[in-house]
Amino acid sequence: GLIAMMHPEVYVAQTITADANHFYRAIMDANSFPGPAVVNVYTTCQPEHGVGDDQAQDHARLARDTRTFPVLTYDPRRGDSMRERLSLAGNPDVTKDWSFDRQTGAARDFVTFARAEGRFARQFDADGQPAPLLARAQAERLQYWRLLQDLAGITRDPLQCRPQLMLQVRMQAGDEARDLERYAIARHRLHQRAALSRASSS
């Protein structure tokens, strides 16, 4: 994608069929562009990659969400500057290094992607720790993503490492709320027993 974008007046898109809106918009814009257009579409080769036959769409979304294959469009018709032409819309958590699981707060990075493919199984030890090769690949993916952010004029979130902390805070707040609720119930029952005791003694 970057190589194609360096050529003058070329429409460029990286997309996935699992995101129908992004895919069809990219194809329509490429067809209407009055010049060369390059569209790169991610898909799995299930037997070669070690992915289940019914997991192609889910895996394409995982490739996008883990910055393994960011979706993008580059349209010279949008303006003269790179940041006007390049759009990263369609990627989750676009201001952050990695996207995050909304339920667990865990980062979804390249290692997350590699764990889901059988071809990378040998790159994890018995304890599930990734090999140095995967660490280097992850660093390369992050460098590429940050370059795209810079080219698109996106300011990175300075608090991007906080989702796990915020999840812990929400969990703690929930525990405290439940403790208060239990205290209120116990207090109410105590008052009920006291009232019954007074009534029976009178």
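User: Which loop holds E9 in this model?
Analyst: Happy to start there, with the note that this is a predicted model. The helix α1 covers 2–5 and the strand β1 covers 11–16. E9 sits in the loop between α1 and β1.

User: Is E9 buried, partly exposed or exposed?
Analyst: Its backbone is worth a glance too: E9 has a positive phi of about 55 degrees, although E9 is not a glycine. E9 has a relative accessible area of 43%, so E9 is partly exposed.

User: What is phi of R67, and where is R67 found?
Analyst: R67 is found in the loop between α4 (56–65) and β3 (72–74). R67 counts as buried, because its relative accessibility is 0% and the limit is under 20%. R67 is a residue other than glycine, yet its phi is positive, near 65 degrees.

User: Which backbone oxygen does the side chain of R141 reach?
Analyst: R141 belongs to helix α7, residues 132–151. Not counting residues up to four places away in sequence, R141 touches R67, T68, P70 and F110. The side chain of R141 reaches, at 2.9 Å, the backbone oxygen of T68.

User: Why does R141 count as buried?
Analyst: The cut-off for buried is under 20% relative accessible area. R141 counts as buried because its relative accessibility is 15%.

User: What is the strand order of the open sheet?
Analyst: The sheet has four strands with mixed pairing. Its edge strands are β2 (37–42) and β4 (86–87), each pairing on one side only. Between β1 and β3 the pairing is antiparallel, over three bridges. The order is β2-β1-β3-β4.

User: Which residue in β3 is the bridge partner of A13?
Analyst: β1 and β3 pair in the antiparallel sense. In β3, the bridge partner of A13 is T73.

User: At what angle to β1 does helix α2 run?
Analyst: Helix α2 spans residues 20–32 and lies across β1, β2 and β3. Relative to β1, helix α2 runs at about 160 degrees.

User: How far apart in space are P76 and Y11, C-alpha to C-alpha?
Analyst: P76 is in the loop between β3 and α5 (82–85), and is buried with a relative accessible area of 9%. Leaving aside neighbours within four places in sequence, P76 is in contact with E9, V10, Y11, F33 and R85. P76 and Y11 are 65 residues apart in sequence, while their C-alpha to C-alpha separation in space is 6.6 Å.

Terms used:
Residues are numbered from 1 along each chain as its sequence is written. This is a predicted model: local features need pLDDT of at least 70, side-chain atom pairs count only at pLDDT 80 or more; totals for chains, interfaces and linings use all residues. Side-chain values use heavy atoms; hydrogens and water are left out. Helices (H or I, at least four residues) and strands (E, at least two) are DSSP runs, numbered from the N terminus. Buried means under 20% relative accessible area, exposed over 50%, partly exposed in between (1.4 Å probe, protein chains only). A polar contact is a pair of N or O atoms within 3.5 Å; within protein, one must be able to donate a hydrogen and the other to accept it, and residues adjacent in sequence count only if both atoms are side-chain atoms. Contact means heavy atoms within 4.5 Å. Two strands pair if DSSP finds at least two bridges between them. Axes are lines fitted to C-alpha atoms, for helices over the stretch in contact, and angles run from 0 to 180 degrees between N-to-C directions.
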